Each structure stands twice: as C-alpha cells, then as structure tokens.
Amino acid sequence: MLQETITPRFCETDALGHINNTVVPEWFEHARTPIFKMFTPDLDTNNWKLIIARIEVEYTAQLQYNSDVILKTCLEKVGNSSMYIHHEAWQNDVLAARGKAVLIHYDYENECSSPIPDSIRQKLMEHLQR
C-alpha cells in the first residue's frame, strides 16, 4: 500500500471537534497523487488523463484534531480503462474511515474513455492488492 501521514488542521474540524466528514474525501484525493503522477508526472492539468467516476466513504470511527492520520492507498482492480482504488484512514491504530474511488483513463478531446497504456498499467499493478 501507498502510505502518507496527514496532520489534521484546526479548520478541518466541526463544531464537535471532530474532523468534518467532508474532509476525508479530500484527504483520499490527496492520497491518490502518486497514482496521478503515474499518468501525468508533472501534474500538468493541460495534459490530464483521468476523470473520476465514483467515490464512496464509510466512516468507522471518529477522527480527532491533534493526532496524525495515516492514509493507506492501494489498487483493488485495474481494468482496460479504469481502476478501482481502495483508501483507509487510520488514527491511533484505529481504522476510522475507508473508501473507494473509480478513476477512468479519459480522452478529454474525444470525451470518452481510453485504454490505460501498458507502461502505466505495469506501474499500477505494483500497487494491486486483492
């Protein structure tokens, strides 16, 4: 799994002192950056080749301010033009949220999906977990 540590910011809390539920999908998107870089190494949006088709998040415990969160990311499935990404957010050794995202390799000029190039597919497969 790819792994990154996030330090929650005060502005990400809600009135109860929890990390707001809208923040976790943003963290998961940030955790996909290494995958984005496989397609567009410089993250130049003029050469962007991905589009999101679906996201989901399941909250399994409360996330609190003042304690780092470990984000873990892996690929569940790599299809012809799509990939299924699994995310987990851990705080103090407790799984607090998990989520999925479906990304499509996309041709913006023709507005359609396109096959993932073999060179990128090989990199993606290194992060495939069943």
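Guide: We'll go from the overall build down to single residues. One thing before that: this is a predicted model.

Visitor: Okay. How many helices and strands does the protein have?

Guide: There are 3 helices and 6 strands.

Visitor: In what order do the elements run from the N terminus?

Guide: The order is β-α-α-β-β-β-β-β-α.

Visitor: How does the radius of gyration compare with the globule rule?

Guide: The radius of gyration is 16 Å. The globule rule gives 14 Å for 130 residues. Those values are close, so the protein is as compact as a globular protein of that length.

Visitor: What does the C-alpha trace span along its principal axes?

Guide: About 45 × 30 × 25 Å.

Visitor: And what share of the residues counts as buried?

Guide: Of the 130 residues, 42% count as buried.

Visitor: What share of the contacts comes from residues 24 or more positions apart?

Guide: Take the contacts with a separation of 6 or more. Residues 24 or more positions apart account for 65% of them.

Visitor: Let's get specific. Where is W27 found?

Guide: W27 is in helix α1, which covers residues 23-31.

Visitor: Buried or exposed?

Guide: Buried. W27 has a relative accessible area of 4%. The cut-off for buried is under 20%, so W27 falls on that side.

Visitor: What is W27 in contact with, leaving aside its neighbours within four places in sequence?

Guide: The list is I6, P8, E12, I19, L63, V69 and L71.

Visitor: And how far is W27 from H87 in space?

Guide: Their C-alpha atoms are 9.7 Å apart. In sequence, W27 and H87 are 60 residues apart.

Visitor: New topic: aromatic rings. How many aromatic pairs are there?

Guide: The count is 3 aromatic pairs. One of them is F36 with W48, and that pair is edge-to-face. The ring centres sit 5.3 Å apart, with 65 degrees between the planes.

Visitor: Which parts of the chain does that pair link?

Guide: Distant ones. F36 is in helix α2, residues 33-39. W48 is in the loop between α2 and β2, and strand β2 is residues 50-59. F36 and W48 are 12 residues apart.

Visitor: How accessible are F36 and W48?

Guide: F36 is buried, at 11% relative accessible area. W48 is partly exposed, at 22%.

Visitor: Give me another pair.

Guide: Y106 and Y108 form an edge-to-face pair too. Their centres are 4.8 Å apart, and the planes make an angle of 75 degrees. Y106 counts as buried at 18% relative accessibility, while Y108 is partly exposed at 41%.

Visitor: What lies over the face of W90?

Guide: K72 does, at 5.0 Å from the ring centre.

Visitor: How many disulfides does a search of the whole structure find?

Guide: The search finds 0 disulfides.

Visitor: Remind me what a disulfide is?

Guide: A disulfide is a covalent bond between the sulfur atoms of two cysteines.

Visitor: And how accessible are C74 and C112?

Guide: C74 is buried, with a relative accessible area of 4%. C112 is partly exposed, at 32%.

Visitor: What is the phi of D93?

Guide: Positive, about 65 degrees, and D93 is not a glycine either. D93 lies in the loop between β4 (82-91) and β5 (94-107). D93 counts as exposed, with 76% relative accessibility.

Visitor: Last one. Where is E76 found?

Guide: E76 is in strand β3, residues 69-78. E76 counts as partly exposed at 28% relative accessibility.

Visitor: How far apart are the C-alpha atoms of E76 and I52?

Guide: They are separated by 16 Å. Along the chain, E76 and I52 are 24 residues apart.

Methods. Residues numbered from 1 in each chain as written. Predicted model: local features only at pLDDT ≥ 70, side-chain atom pairs only at ≥ 80, totals over all residues. Heavy atoms only, no water. Disulfide = S-S within 2.5 Å. Buried < 20%, exposed > 50% of the residue type's maximum accessible area, 1.4 Å probe, protein only. Phe/Tyr/Trp six-rings, centres within 6.5 Å; stacked < 30°, edge-to-face > 60°. Helix = DSSP H or I, 4+ residues; strand = E, 2+ residues; numbered from the N terminus. Lys NZ or Arg CZ within 6 Å of the ring centre and 35° of its normal. Rg over C-alpha atoms; globule rule 2.2 N^0.38 Å. Contact = heavy atoms within 4.5 Å.
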